[in-house]
Amino acid sequence: MAINTVPPHLPDLVIHRIIRLLPTKAAVRMSFLSKQWEGVLSSVPILDFDEGDENDNNLVRHRKFVDNILKRYLELCKKEKQKQLLDKFRLCMTRYLSADATVVNEWLRYSMERSVKELDISLRVDKSYWLWGGLRSYYCLSRKALANANSITTLNLEYMRIKNISRFGSSTAKPIRLLPSLKAMSLKNVHFDTNALLYLTGECPSMESLSLTSCSFANFEICVSNSSLRSFGVKQCKAGEIRVYEAVNLESLTVVSSSFELESMIFRECYNLKYMNIFARHLKVFQLDGCYDVKATINAPKLCDFNFEGYLKSEFSLKAPKLWSASILLWDNWDGEFLNFDGPWKHLPRLRDFLGEFKATKGMTLLVSHFKALIFPKEFRETFSSSSPKLLNLKVLDLAMENAPTNMRDKKDLTNSLLWIAPTLQEINQLEYNEELEMYV
Amino acid sequence: MSTSTDNNASITQESGPSAAVQDIQKKIVVRTADGEVFNLKEEVAMEIDIIKTFFQEDSISYETVMPLPNVEGWEMVKVIEYCTKHVELKHKVDGYKERKAFQALFVQNLSTKSLLALTNTANYLEVKYLLDFLCQAVSEQIKNKDVDYVRELFGVENDFNDEEYEQVKAEAPWAHENLNNDLH
């Protein structure tokens, strides 16, 4: 291989690429190589400060990190007259002390002045302080810290406490959102004050993805209301309930909770939900409203109460051996189709499979628009006898139909179909619509 | 089609699947600064953006030999080696370990000067992933070294005059301190 005797001159672009890969201290050092290098350094749009090391108690090293690197580099940056745009600011501490809050806030302010796009802050507390102070020793993210955050598109926060950042009394002016450009948020080991998550997500009108991992909540519940959200993930969070409202654009939902007491989940207005994957060891109550077309996998060994309102196109794969009651409201409007029904059994296989997921349930409430939708004709029952839903645990069925059968023949057909679905059925209650209460009773 | 004696890696016979497949694939011919000529498999050649642009966007016939005046023969060999491996691993599902092992070997015997030359070449030829990899390798080499060492290594001339240099250094003395004891 030919070896050059004189090392080649590197163009700006290459130097830029190399500097971007260096930790900040080394990058600053390299700026002394020559004027070209110095010029390139001041245009690097990434600042990355990583304390590194294991979480030991070496507070001397931590002091060096804060004083020698963080504080001094901030001074250096402030001297720079031209404020170049910052693509990413990352700060990772492994021995955070509450006295560091000042420099953290100063860096946040500085990075936002430079219109930072991606903010990555991880402030793990020093071990000994953690044992002593617990959550009180966390850095607190307040509204003030986010005052100038309109450039942020990605926010990744770890090991901090988020206060309630709502602003009261802003009824006169149009509400100014703190994070209008935010698309993706990822929060790990974050502790939320009461309703802090709700208010934080309320400040993000463009947020598309939200991920919560190992977070804890002052009122033990996760409540999110965001109509731009597309993907939501909750992993091992300390909360008893998850509530998601107005999630009209939510497409993908993942919940994993193996060790914590997540007992209840309520999802409303999830019209666009396509994909749902839930594993929750302690889940007892599940409610999903509004789905057209979701593919849901739910593994909930202790689930008692299942509620669904939506369309038959939704597919469930349910592992819930302790299911006690299933309430299914099918919004499909079958009226037109079935008034002249004699065609192939279009929806029947779907209905059969759908109901078949509820083998464990002891009780069921079923609401459909027209009774004919529930009728499995004799030929169908005989052809598919081996794949009948076989809801062998179902003893009581509460049935509500906007259009109920009127003549004896229809009633008989319906009863036969229902017995085919649940052979051990003992009681069928037909619910009537109560105008006053506006519901079926 | 002249080929040089010690550059067998560059000739069409890469470790490809079968001779029949290779024959069907079209070849692109380039000539480096030192007069060496290389036959590249089309799919490998298209990994090199500058070649891709030359032939595709300007619709030049593959019979033309593309000149690469800024590239040395040995550099072309290495680039072809990397791109070929990259194409091979593209079709593999779990090529992570293999890629890592290959990368380690790739830079093993390269002096820093060669590494820098190759980086420049990757930049000129516009092979993004190779450039990223080489820049990473370079940054690893200089991460914990002081200014004088790197200056010599890279052959960079200090064009600050004494005054300027002192001033610049005074602004951030901490950057030079405790390279071994401190972080980074």
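Me: Is A:Lys117 buried, partly exposed or exposed?

Reply: Please note that this model is predicted. A:Lys117 has a relative accessible area of 42%, so the residue is partly exposed.

Me: Which side chain does A:Lys117 meet in a salt bridge?

Reply: The general idea is that side chains of opposite charge can pair when their charged atoms come close. In this structure, the side chain of A:Lys117 meets that of A:Asp87, at 3.6 Å from N to O. A:Lys117 belongs to the loop between helix H5 and strand E3 of chain A, and A:Asp87 to the loop between helix H4 and strand E2, so the pair ties together parts 30 residues apart in sequence. A:Asp87 is partly exposed too, with a relative accessible area of 30%.

Me: Where do B:Glu88 and B:Lys85 lie?

Reply: Both lie in helix H4 of chain B, which covers residues 73–90, and they are three residues apart, about one turn of the helix. B:Glu88 is partly exposed at 31% relative accessibility, whereas B:Lys85, at 17%, is buried, because buried means under 20%.

Me: What is the distance between the closest N and O atoms of B:Lys143 and B:Glu140?

Reply: These atoms are 3.9 Å apart, and the two residues form a salt bridge. B:Lys143 is partly exposed at 26%, and B:Glu140 is partly exposed at 43%.

Terms used:
Residues are numbered from 1 along each chain as its sequence is written. Chains are lettered from A and ligands numbered from 1 in the order in which they are written. This is a predicted model: local features need pLDDT of at least 70, side-chain atom pairs count only at pLDDT 80 or more; totals for chains, interfaces and linings use all residues. Side-chain values use heavy atoms; hydrogens and water are left out. A salt bridge is a side-chain nitrogen of Lys or Arg within 4 Å of a carboxyl oxygen of Asp or Glu. Helices (H or I, at least four residues) and strands (E, at least two) are DSSP runs, numbered from the N terminus. Buried means under 20% relative accessible area, exposed over 50%, partly exposed in between (1.4 Å probe, protein chains only).
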